Amino acid sequence: MSNGTPLGDFLRARREALKPHDVGLPEYGRRRVPGLRREEVALLAGVSSDYYIRLEQGRESSPSAQVVEAVALALKLDAEAADHLNRLCLTASQRPRHWGEAEVSRQLLQLMDGWEHTPAFVVGPALDIMAGNSLATALHSGFDRFDNLARMVFVDPAGREFYQEWERAAHSCVAEIRAAYGHDPESARIAEVVAELSAQSEEFAALWKMHEVKSKSQEGKHLKHPEAGDLNIKFAAFTVNGAPHQQLVVYQAEPAGPTATAFETLRAMAVEPKQARPAEPQQAQAAAPKHAPAAAPVADLAGKEQ
C-alpha cells in the first residue's frame, strides 16, 4: 500500500493536510511543500527536527507516550485519529493476534434472523459482509453482489444511485477501513481490498492517501432502492464481544413512516438469508453471505455509538 511505514505515511499525510495558519504559525513567501514543514511540526511538538524526521522516515518506530501525545496535539488530531496514531506506534508483539479471524456466531445469526422488520448485517475489518438477515439482503438487492461495502460504494454502478449522499458514504467507507488498518497493519485482507479498489477507483485511491480515520457513526442515511424507493434510515453499529473486529450494523425506520412502509415492501420480496466468510487473501471476489455451518462462542453485544 506504500513504500513507507504505516506510522510515517500517517504523519506525512496529516502534516501535509495542515496549513501554517491552522496552527498559529506565520506563512511567508512561496512554500515548496504542501502543508506544514517537518521542522514546524517538530517545533510545535517540542521535539528535535532530526527526531521527527526519523519518525516520518521509519527510523524511529517506538516513540514515548509523551512524544505521541505531543505530536497528536501538534497535528491537531481528534480523539479517533490520536488513538489511531497510538496503535500505529505499537510493535508487532504488542498487537492482538488473529485480530481479523473468527466466524459469526450462531447466536448472533439467530438474533438477526429474528428481526423481521429490521435490516441487520455484520461486517469485518475490510468491510466484507460476513452475515446478513433476509431484509438486509433485500435492501441491497440492486447491487451485483452484497459482499463488501467499499466495493459496492466505489465499483458497483448501483452504488451512486443507492447512496443518495454518495460522497459521505465514500469518505466513511475509506475512513473505516483506515481505522481497521490501524489495528492490524499486516492484514492481508485489508491490503487486498485496498489494492483492488485503488486499481479500480481513482476516488478510492485519493481518499486512501488522505489517511482520514473514523469508525462507524450513529447517524441518518438517505438510500434509494430500485423497487422500494427512498429510505431515510437511522442506524447503529455495535462491536461484538469475543470478536472485536466484527461490527453488527442495524438499520431502523421511524415507526409508521414512509421508510417503515418501504421496509415492508422489502420484507415481501426478501429471500432466505445467506452468509459467507469474506474472501481469503488473493481471491478476487468475496463470496455471498450464507449461514455459518457450525456453532461459535456466544457473542454478547457491546453497544458502540460511534
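Guide: Let's start with a network of salt bridges that links Asp9, Arg12, Arg15, Arg38 and Glu56. A salt bridge here is a side-chain nitrogen of Lys or Arg within 4 Å of a carboxyl oxygen of Asp or Glu. Please keep in mind that this is a predicted model, where local features need pLDDT of at least 70 and side-chain atom pairs count only at pLDDT 80 or more, while totals for chains, interfaces and linings use all residues. Residues are numbered from 1 along each chain as its sequence is written, and side-chain values use heavy atoms, with hydrogens and water left out.

Visitor: What is the general idea behind such pairs, and which side chain meets Arg12 in a salt bridge?

Guide: Side chains of opposite charge can pair when their charged atoms come close. In this model Arg12 meets Glu56, at 3.8 Å from N to O. The two belong to distant parts of the chain, with Glu56 in helix 3 and Arg12 in helix 1, 44 residues apart. Helices (H or I, at least four residues) and strands (E, at least two) are DSSP runs, numbered from the N terminus.

Visitor: Is Glu56 buried or exposed?

Guide: Glu56 counts as buried, at 1% relative accessibility, whereas Arg12 is partly exposed, with a relative accessible area of 25%. Buried means under 20% relative accessible area, exposed over 50%, and partly exposed in between (1.4 Å probe, protein chains only).

Visitor: How many salt bridges does the count come to?

Guide: The count is 19 salt bridges. One of them joins Lys234 and Glu254, whose closest N and O atoms are 2.8 Å apart. Lys234 lies in strand 4 (residues 229-240) and Glu254 in the loop between strand 5 (243-252) and helix 13 (258-269), so this pair ties together parts that are 20 residues apart in sequence. Glu254 is partly exposed, at 46% relative accessible area.

Visitor: Back to helix 1: which of its residues are buried?

Guide: They are Leu7, Gly8, Asp9, Phe10, Leu11, Ala13, Arg14 and Arg15. That makes 8 of the 11 residues in helix 1 (residues 6-16), which is mostly covered. The cover includes helix 2 (38-45), helix 3 (49-57), helix 4 (65-74) and helix 5 (79-88). Lys209 lies in the loop between helix 12 and strand 3 (220-225) and counts as exposed, at 64% relative accessibility.

Visitor: How should I read the aromatic rings?

Guide: A pair of aromatic rings is described by the distance of the centres and the angle of the planes. Rings of Phe, Tyr and Trp (its six-membered ring) pair if their centres lie within 6.5 Å; planes under 30 degrees apart count as stacked, over 60 as edge-to-face and the rest as tilted. The structure holds 10 aromatic pairs. Phe143 and Tyr163 have ring centres 6.2 Å apart and planes at 50 degrees, so that pair is tilted. Both Phe143 and Tyr163 are buried. Phe154 and Phe204 are edge-to-face, with 5.3 Å between centres and 90 degrees between planes.

Visitor: Which residues form one aromatic cluster?

Guide: Phe154, Trp166, Tyr181, Phe204 and Trp208 do. Charged groups sit over two of these rings: Arg160 over Trp166, 3.8 Å from the ring centre, and Arg178 over Trp208, at 3.6 Å. The rule asks for NZ of Lys or CZ of Arg within 6 Å of the ring centre and within 35 degrees of the ring normal.

Visitor: And what about the backbone angles?

Guide: Most residues other than glycine have a negative phi, and most peptide bonds are trans. Here Leu127 has a positive phi of about 65 degrees, in the loop between strand 1 (120-123) and strand 2 (129-132). Leu127 is buried, with a relative accessible area of 2%. Lys76 has a positive phi of about 55 degrees, and Lys76 counts as exposed at 52% relative accessibility.

Visitor: Where is confidence lowest in the chain?

Guide: In strand 6 (residues 301-304), at a mean pLDDT of 43, while helix 8 (residues 149-154) is highest at 98. pLDDT is the predictor's confidence in each residue, from 0 to 100. The chain averages 85, and 85% of the residues score at least 70.

Technical notes
Contact = heavy atoms within 4.5 Å.
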